[in-house]
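Here is a walk through one protein model, taken step by step. Keep the sequence and the 3D view side by side as you read.

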Amino acid sequence: MDNLFVARIHNNRLGSCVMVGTITNGINLIREYVKDQFGRDLTAEENDMLENDYEFYNDDDADNIISFSIGSLSTQ
């Protein structure tokens, strides 16, 4: 069985990873992270990217590119 997690990536460096039970839980957690990190909700385009690609990506500041992504880890 695969384990799902949300990862924070800052300038191509893997940051914190948090286990989530479902894709929906991961999407909701990323929405919370964006609100905490940037003080705003997702735009329509960002929301579409999150729901289709399971990723949020922000490059507004070229020195601090931040993304959150849902991944899976196989236990085999």
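Predicted model: local features only at pLDDT ≥ 70, side-chain atom pairs only at ≥ 80, totals over all residues.

**A helix, a sheet and a core**

Now step back into the helix itself.

H1 spans residues 23-38. It has 16 residues. From its first C-alpha to its last, H1 reaches 22 Å, close to the 22 Å expected at 1.5 Å a residue. Which residues of H1 are buried? They are Gly 26, Ile 27, Leu 29, Ile 30 and Val 34. These residues lie on the same side of H1, because they cover an arc of only 165° around the axis. An α-helix has 3.6 residues a turn, so residues three or four places apart point the same way.

What do the buried residues of H1 pack against? Their partners are E1, E2, E3, E4 and helix H2, which covers residues 44-53. H1 lies across E1, E2, E3 and E4. Relative to E4, H1 runs at about 155°.

Turn to the sheet. Four strands form an open sheet, and their order is E2-E1-E4-E3. The pairing is antiparallel. E2 and E3 (55-58) are the edge strands, each pairing on one side only. From one strand to the next, the twist averages 30°. Strands of a sheet pair through backbone hydrogen bonds, either parallel or antiparallel.

Follow E1, residues 2-10, and look at its two partners. Nine bridges join E1 to E4, residues 66-74. These two strands run antiparallel. Val 6 stands opposite Ile 70 in E4. His 10 has Ile 66 in E4 as its bridge partner.

The other partner of E1 is E2, residues 13-20. How many bridges join E1 to E2? There are six, and the strands run antiparallel. Leu 4 stands opposite Val 20 in E2. Ile 9 has Leu 14 in E2 as its bridge partner.

E1 and E2 form a hairpin, with two residues between them. Asn 11 lies in the loop between these strands. Its phi is positive, about 50°, although Asn 11 is not a glycine. Most residues other than glycine have a negative phi, and most peptide bonds are trans.

Look for Tyr 54 in the loop between H2 and E3. Its relative accessibility is 33%, so Tyr 54 counts as partly exposed.

In soluble globular proteins, nonpolar side chains tend to be buried together. The largest nonpolar core here has 13 residues. Which of them touch the most other members? They are Val 6, Ile 30, Val 34, Phe 56 and Phe 68. E1, H1 and E4 are the elements that give two or more residues to this core. H1 gives the most, with four residues.

Finish at Phe 68. Leaving aside residues up to four places away in sequence, Phe 68 touches Ile 30, Tyr 33, Val 34 and Gln 37, among others. Its contacts also include Ala 7 and Arg 8. Tyr 54, Glu 55 and Phe 56 are touched by Phe 68 as well.

Key. Residues numbered from 1 in each chain as written. Heavy atoms only, no water. Pairing = 2+ DSSP bridges. Axes fitted to C-alpha atoms, helices over the stretch in contact; angles between N-to-C directions. Contact = heavy atoms within 4.5 Å. Expected span 1.5 Å × (residues − 1). Buried < 20%, exposed > 50% of the residue type's maximum accessible area, 1.4 Å probe, protein only. Arc of directions from axis to C-beta. Core = buried A, V, L, I, M, F, W, Y, C linked by side-chain atoms within 4.5 Å.
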